[in-house]
Amino acid sequence: MNGHMHTAQQRPAISRQPPKISEDKLDEIREAFSLFDTNKDGYVDYFELKVAMRALGFDQKKDEVLRVLQQYGSIDGSKISLDGFTKIMSEMIAARDPVEEYKKAFKLIDENNTGLITVSSLRRIARELGENIAEDEIQAMIDEFDLDNDGGINEAEFIKIMMNGH
């Protein structure tokens with residue numbers, strides 16, 4: 001074995017170009033893999049893969065996780081390397097519908113289901129993120145993007161902000 005560590009045989013790499021995703025997203029993928037590669041052997045098994053996928057926002061059913069292992073994992077389908085994990089997660093992230101993602105984010109911010117992001121909900125988010133933003137600054141943010149003047153940012157306004165920056 002020439003002194004090299006024995007590793008599981010990987011499937012041949014799929015030759016198509018990986019989808020274009022941001023370096024930040026690639027870092028998130030690598031962090032999730034590293035976090036759940038608990039024995040640090042460079043692979044995650046079925047259970048670790050399922051949790052790592054969930055950490056990236058994909059709550060997959062058992063048959064889908066098994067399909068990923070068969071398609072991108074080791075020849076025996078028991079585990080997946082960082083390279084295989086990065087390929088599948090990049091594809092899944094690139095295929096996400098941004099509007100659906102923005103709707104999910106809106107629901108997280110609008111925790112009282114009022115249909116509006118208000119000064120109090122933005123204050124809570126800022127606090128959770130460790131940001132100290134003055135009340136008048138938060139109000140100015142709301143005022144700038146509250147196109148229908150209902151005192152908050154509704155889902156359509158939020159999506160517009162996220163898609164266009166304004």
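I began with Glu31, which I found in helix α1. I keep in mind that this is a predicted model. Is Glu31 buried or exposed? Its relative accessibility comes to 55%, so I noted Glu31 as exposed, the cut-off being over 50%.

Next I looked at how α2, residues 46-55, packs with α3, residues 62-72. The axes are 10 Å apart and the angle is about 110 degrees. That angle lies in the range of 65 to 115 degrees, so I wrote down α2 as roughly perpendicular to α3. Which residues meet there? From α2 I listed Tyr46, Leu49, Lys50 and Met53. Their partners in α3 are Lys62, Val65, Leu66, Val68 and Leu69.

Entry 3, ring pairs. How many aromatic pairs are there? My count came to three. For each one I looked up, I wanted two values, because a pair of aromatic rings is described by the distance of the centres and the angle of the planes.

I took Phe33 and Phe85 to start with: the ring centres are 5.6 Å apart and the planes stand at 45 degrees, so this pair is tilted. Phe33 belongs to helix α1 (residues 23-36) and Phe85 to helix α4 (residues 82-94), and the pair links distant parts of the chain, 52 residues apart. Both Phe33 and Phe85 are buried.

Then I turned to Phe106 and Phe158, another tilted pair, with 5.7 Å from centre to centre and 55 degrees between the planes. Phe106 sits in helix α5 (residues 98-109) and Phe158 in helix α8 (residues 155-164), so this pair ties together parts of the chain 52 residues apart in sequence.

Last, I looked up where the charged end of Lys79 sits. I found it over the ring of Tyr43, at 4.9 Å from the ring centre.

Note on methods. Residues are numbered from 1 along each chain as its sequence is written. This is a predicted model: local features need pLDDT of at least 70, side-chain atom pairs count only at pLDDT 80 or more; totals for chains, interfaces and linings use all residues. Side-chain values use heavy atoms; hydrogens and water are left out. Axes are lines fitted to C-alpha atoms, for helices over the stretch in contact, and angles run from 0 to 180 degrees between N-to-C directions. Helices (H or I, at least four residues) and strands (E, at least two) are DSSP runs, numbered from the N terminus. Angles under 35 degrees count as roughly parallel, over 145 as roughly antiparallel, 65 to 115 as roughly perpendicular and the rest as oblique. Contact means heavy atoms within 4.5 Å. Rings of Phe, Tyr and Trp (its six-membered ring) pair if their centres lie within 6.5 Å; planes under 30 degrees apart count as stacked, over 60 as edge-to-face and the rest as tilted. Buried means under 20% relative accessible area, exposed over 50%, partly exposed in between (1.4 Å probe, protein chains only). A charge sits over a ring if NZ of Lys or CZ of Arg is within 6 Å of the ring centre and within 35 degrees of the ring normal.
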